[in-house]
Amino acid sequence: MVDVASNYRMILQRIGEAAAKAGRKSEEIKLLGAAKSQSVALVRAAVAAGVRLIGENYVQEAQDKKQVIPERAEWHMIGHLQRNKAKVAVEIFDMIQSLDNIALARELDKEGGKRQKTVRALVEVNLGGEESKSGIAEHKVQELLQAAGEFSSLSIEGLMAVPPFCENPEDVRPYFKRLRELREGLGKLRIANVDLKELSMGMTHDYTVAVEEGATIVRIGTALFGPRPR
């Protein structure tokens with residue numbers, strides 16, 4: 001079995017080194033275990049090791065795992081979320097990291113209102129304009145934030161992105177920088193119910209570069225759990 005605890009310690013060390021290089025404190029960065037297709041045993045091992053955020057791509061998979069993992073962790077939706085799954089998503093996730101359109105924002109707000117619960121969300125931005133990926137275009141983010149600012153049961157806490165894959169992690173740096181600069185610009189608008197304190201960016205291949213560019217959440221799968229089962 002994969003030594004998740006050892007992997008976790010190694011990732012934390014690398015996060016600390018990257019943070020120091022950028023003049024940041026390592027405590028500013030949270031590690032999210034991207035658990036798509038990973039076993040319950042591995043997820044439990046990650047939580048036992050100290051991982052406090054678990055990310056899932058599918059509502060049903062998260063629901064199944066939560067039922068048999070009693071340990072306390074925050075569960076984050078990091079995959080594309082369809083509106084017809086919003087009801088269940090609001091029930092099982094602590095945060096939706098993949099909000100990318102106004103209709104979904106409205107649905108999340110409605111479901112949150114029914115439960116007298118504030119739905120926490122990040123706006124997913126499609127930085128590379130890739131049709132194969134979800135996420136809202138950069139020039140439409142402000143419109144989405146202003147619309148979401150009218151909702152009483154939805155809180156936007158930051159931005160998330162999955163940049164185009166590049167063999168050299170340094171080639172991804174401009175995308176991370178763009179997301180940080182986008183957050184800084186939008187933060188000046190002071191929109192109600194919008195506090196862009198989180199930047200969720202960086203995965204196994206490039207998370208140290210993401211930390212150097214301001215990531216507050218890095219989403220780690222392979223480096224933590226080992227290769228995803230086929």
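Ser-37 sits in the loop that links strand E1 (30-34) to H2. The model is predicted. In it, the phi of Ser-37 is near 70 degrees, a positive value in a residue other than glycine.

Arg-190 belongs to the loop between helix H7 (173-187) and strand E7 (194-200). Its relative accessible area is 75%, so Arg-190 is exposed. The cut-off for exposed is over 50%.

Helix H2 spans residues 40-49. Its buried residues include Leu-42, Val-43, Ala-46 and Val-47. These residues lie on the same side of H2, because they cover an arc of only 140 degrees around the axis. Several elements cover the buried residues of H2. Among them are helix H1 (4-21), helix H3 (59-68) and helix H9 (222-225). Strands E2 (53-56) and E3 (74-77) also take part in this cover. Just after H2 comes Gly-50, with a positive phi of about 130 degrees.

In soluble globular proteins, nonpolar side chains tend to be buried together. The largest nonpolar core in this model has 67 residues. Those that touch the most other members are Leu-99, Leu-108, Val-123, Leu-154, Ile-156 and Leu-224. H1 supplies the largest share of this core, with six residues. A second core is separate and has five residues, including Leu-32, Leu-53, Ile-78 and Ile-217.

The contacts of Leu-154 were examined with its neighbours within four places in sequence left aside. Leu-154 is then in contact with Leu-99, Ala-105, Leu-108, Val-119, Ala-121 and Ala-148, among others. Asp-109, Thr-118 and Asn-193 are also in contact with Leu-154.

The largest pocket has a volume of about 680 Å³. Its lining consists of 28 residues. Nearest the pocket centre lie Asn-57, Val-162, Met-203, Arg-219 and Arg-228. By class, the lining divides into 11 nonpolar, 11 polar and six charged residues.

Notes. Residues numbered from 1 in each chain as written. Predicted model: local features only at pLDDT ≥ 70, side-chain atom pairs only at ≥ 80, totals over all residues. Heavy atoms only, no water. 1 Å grid on protein atoms, 1.4 Å probe; cavity = no way out; pocket = protein on both sides within 12 Å on 5 of 7 lines; lining within 4 Å. Points joined across faces, edges and corners; volume = space filled by probe spheres on them. Nonpolar A, V, L, I, M, F, W, Y, C, P; charged D, E, K, R; others polar. Buried < 20%, exposed > 50% of the residue type's maximum accessible area, 1.4 Å probe, protein only. Helix = DSSP H or I, 4+ residues; strand = E, 2+ residues; numbered from the N terminus. Arc of directions from axis to C-beta. Contact = heavy atoms within 4.5 Å. Core = buried A, V, L, I, M, F, W, Y, C linked by side-chain atoms within 4.5 Å.
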